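Subject: Structure handover

Hello,

Here is the structure for you to look through. My notes on it are below the model.

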Amino acid sequence: MVTKFYFRDMEGYKDLTEHQKKYMGKSAAFDLELLPTAALQEEMAGFIQKRIGTISMITLLNERGDYNRLCCFLAKKGTELEHFLDWNRETWFRKLKAWMLEEGMPLNYERQGNYGNTYRMRPGVMRYVEQLLDFLEPEDDREEKEKDIWELEKLGVPFHGNLVKNYKTINFTKISQAGLREETKKGIYLNLQNEAIACISRELTAVRRLSGFLRERHPDIQSFRQLDRELLEEYLTYLKTEEGAPKKLRSELTRLRALMESISRILEYGNLNGLFLSRDIPSMPRAEFKTYSDAELKRLNAAITRMEEQIARVMVIHQMLGTRISDTLTLQTDCLFQKDGEDLIRIRQMKTSTYIKPISRELAMLIQKAIRYTKEKYGETDGAILYGRTYGVLGSHI
């Protein structure tokens with residue numbers, strides 16, 4: 001068996017620039033001899049060979065650092081390990097976290113997203129181990145909705161996707177309680193057929209937080225059937241007083257209630273009926289109406305003319321269309337059409353339904369220019385979003 005996978009011997013090495021080759025060096029390799037047993041070396045060899053055929057050389061080089069950290073961990077904490085699957089995921093990550101704390105490594109780091117949001121990310125070695133376990137574990141041949149991670153395309157049910165964030169999976173693994181997890185699957189499966197995927201994501205976030213609370217404070221609770229009003233009141237107090245409370249409490253509680261109502265209907269859990277009272281959910285903040293003076297509008301439009309061409313066009317379309325900025329930025333290239341000589345536009349809202357509204361000929365011509373610009377720059381893509389490729393950039397300007 002090969003014990004070293006040198007980068008210089010890989011197929012993609014010849015496509016690198018001279019600068020990249022110099023940076024990588026001739027001795028860069030995955031050294032299997034760093035692993036303590038022959039069985040671990042053989043399992044890792046199969047995983048590395050698969051990665052070589054599916055990801056870029058630069059990504060492989062980054063993964064070599066994670067691989068070396070994994071080897072250091074096993075040399076210190078995994079000397080008794082014969083096969084990678086001898087430990088379940090929970091054991092893997094518990095031991096990894098303990099080792100990282102001993103070595104002074106951070107358990108997470110922050111990354112700025114494309115749309116201005118800040119995300120807390122796990123270290124690369126943890127993601128590397130997760131990918132390794134995914135590769136080694138036998139394929140799950142159960143029906144898709146019985147699995148703990150659903151691939152949306154395999155569910156066989158229509159769902160309202162998101163034009164900005166491309167959701168591909170629904171992950172239930174972070175719901176610790178087995179009963180709670182299976183009940184949540186049934187509620188989510190029902191709601192997925194009627195709600196936008198963004199709402200489904202919020203429901204999962206809400207139930208994960210509830211699961212963490214129950215694991216910490218009430219480990220005996222394993223099912224929604226065991227919930228009562230007293231426990232819910234304790235949870236509401238926890239959300240409002242503990243650190244790490246959700247920023248959008250109203251939204252999270254609304255989605256948790258919607259999920260509980262679906263579970264109640266499917267499984268006939270009478271204890272969930274009327275569990276939430278109207279006062280439990282914060283009221284919607286009253287909107288503050290604001291108007292702009294003629295002088296402010298003149299300054300705005302004067303500034304628009306100095307913006308980049310497509311951004312300026314978006315700002316004008318947004319004013320003329322009168323929609324929310326998210327609706328404007330996610331118009332699709334097939335949104336315009338005519339009926340009985342009238343120009344119409346099809347607007348697909350992110351969380352609700354698609355609707356059609358008439359527009360002026362001037363606005364239609366401006367949108368057509370924006371569509372042509374997008375197609376010339378990004379090419380003809382099926383169902384391409386008009387401004388989706390630059391959503392984060394545009395959002396930061398607006």
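This is a predicted model: local features need pLDDT of at least 70, side-chain atom pairs count only at pLDDT 80 or more; totals for chains, interfaces and linings use all residues.

Residues are numbered from 1 along each chain as its sequence is written, and side-chain values use heavy atoms, with hydrogens and water left out.

Helix α5 covers residues 124-136. Helices here are DSSP runs of H or I with at least four residues, strands are runs of E with at least two, and both are numbered from the N terminus. The 13 residues of α5 reach 18 Å from the first C-alpha to the last, close to the 18 Å expected at 1.5 Å a residue (the expected span is 1.5 Å times one less than the number of residues). Its buried residues are Gly124, Val125, Met126, Tyr128, Val129, Leu132, Leu133 and Leu136. Buried means under 20% relative accessible area, exposed over 50%, and partly exposed in between, with a 1.4 Å probe and protein chains only. The cover over these residues includes β2 (29-31), α2 (38-54), α3 (57-77) and α4 (89-103), where contact means heavy atoms within 4.5 Å.

Glutamate 195 is in the loop between α7 (178-192) and α8 (197-217). Glutamate 195 counts as buried because its relative accessibility is 16%. Its side chain makes a polar contact with the side chain of arginine 255, at 2.8 Å. A polar contact is a pair of N or O atoms within 3.5 Å; within protein, one must be able to donate a hydrogen and the other to accept it, and residues adjacent in sequence count only if both atoms are side-chain atoms. Apart from neighbours within four places in sequence, glutamate 195 is in contact with His160, Ile200, Glu203, Arg255 and Ala258.

Most residues other than glycine have a negative phi. Glutamate 268, in the loop between α10 (249-267) and α11, has a positive phi near 55°. With 70% relative accessibility, glutamate 268 is exposed. Aspartate 340 has a positive phi near 55° and is in the loop between β7 (336-339) and β8 (342-348). Aspartate 340 is exposed, at 79% relative accessible area.

Finally, leucine 300 is in helix α11 (residues 294-304). Its relative accessible area is 34%, so leucine 300 is partly exposed.

Regards
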